[in-house]
Amino acid sequence: MNSLPFRRTIVEMCVQLSHQGHFSGTGGNIALRIDAEHIAVTPSATDYLTMTADDVCVLRLADLRQVEGNKSPTVESGLHAQVLRARPDVNASVHTHQPVASACALLGQPLQVPPGPLRRLLGEHIPVAGYAPSGSGWLSSKLARQLRPDTNAYLMLNHGVLCCGATTSAALQAVDDLETLCTSLLLQRIAARSEREPFMQAALRRVADALAA
């Protein structure tokens with residue numbers, strides 16, 4: 001097994017997501033399928049801009065036993081494993097706390113994706129997995145119940161989002177597309193409230209301007 005290209009790719013993805021503002025601090029993680037039996041995952045509590053390929057962990061998909069890597073794997077390894085076990089078409093899974101989509105996750109409401117390019121990648125419907133503590137089997141099982149073969153983005157109540165794809169490019173595009181969708185939907189909600197509550201228009205306009213910037 002030559003895991004080095006996958007470990008290097010995870011480092012590159014982490015740097016890209018950090019620069020885009022989708023990862024911050026150590027709040028986000030990635031899993032890539034190496035082969036039928038192994039996955040590569042981000043290490044736990046490691047700054048993205050100092051991470052090296054040697055830090056990235058390789059786990060057995062079946063039981064998450066670590067076989068490579070200098071550090072401990074992310075506590076969300078089980079979350080990613082649920083996706084990669086249930087979706088053989090998926091080779092990349094990304095968990096973020098990206099700002100706008102995470103705000104939508106706080107609302108706890110599923111999202112409808114309008115017809116068009118966003119729907120083709122994300123799916124028609126973005127479900128919500130109920131809240132459970134980070135890194136817990138409870139959280140993994142709640143996400144597992146929401147997984148669908150035609151859906152590549154999931155909100156997790158009070159815990160950000162998970163996006164996936166057949167390739168790393170598709171998974172990263174799903175992250176971007178979900179942020180675009182959530183920005184549009186929140187702007188619609190702000191505009192509707194502004195019509196209902198004229199006395200709030202000035203404050204809501206400032207929020208909308210900041211969101212659209």
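**Briefing: sheet, helices and cysteines of a predicted model**

The count of disulfides, a disulfide being a pair of cysteine sulfur atoms within 2.5 Å, comes to 0 by this rule. The model is predicted, so local features need pLDDT of at least 70 and side-chain atom pairs count only at pLDDT 80 or more, while totals for chains, interfaces and linings use all residues. Residues are numbered from 1 along each chain as its sequence is written, and side-chain values use heavy atoms, with hydrogens and water left out.

**Cysteines**

- C14 is in no disulfide, and the nearest cysteine sulfur, that of C57, is 11 Å away.
- C163 is likewise in no disulfide; its nearest cysteine sulfur belongs to C164, 7.4 Å away.
- C163 is buried, with a relative accessible area of 0% (buried means under 20%, exposed over 50%, partly exposed in between, with a 1.4 Å probe and protein chains only).

**Surroundings of C14**

- C14 is found in helix α1 and is buried, its relative accessible area being 0%.
- Leaving aside residues up to four places away in sequence, C14 touches F23, I30, T42, Y48 and M51 (contact means heavy atoms within 4.5 Å).
- C14 and N29 are 15 residues apart along the chain, and their C-alpha atoms are separated by 7.8 Å.

**The sheet**

- An open sheet of 8 strands, with mixed pairing, has the order β4-β3-β2-β1-β5-β10-β9-β8.
- β4 (66-68) and β8 (128-129) stand at the edges with a single partner strand each, so one side of each is left without a neighbour in the sheet.
- Helices (H or I, at least four residues) and strands (E, at least two) are DSSP runs, numbered from the N terminus; two strands pair if DSSP finds at least two bridges between them.
- Strand β1 (residues 28-33) pairs with strand β2 (residues 38-41) in the antiparallel sense over 3 bridges.
- The bridge partner of L32 is A40, in β2.

**Helices on the sheet**

- Helix α1 (residues 4-19) lies across β1, β2, β3 (57-60), β4 and β5 (92-96), and runs at about 150° to β1.
- Helix α3 (residues 99-107) packs on the sheet and touches β5, β9 (153-156) and β10 (161-165), its direction making about 60° with that of β9.
- Axes are lines fitted to C-alpha atoms, for helices over the stretch in contact, and angles run from 0 to 180 degrees between N-to-C directions.

**The α3 and α6 pair**

- α3 and helix α6 (residues 168-196) pack at an angle of about 60°, with their axes 8 Å apart.
- α3 and α6 are therefore oblique to each other (under 35 degrees counts as roughly parallel, over 145 as roughly antiparallel, 65 to 115 as roughly perpendicular and the rest as oblique).
- P99, V100, A101, A103, C104 and L107 in α3 meet L178, E179, C182, T183, L186 and R189 in α6.
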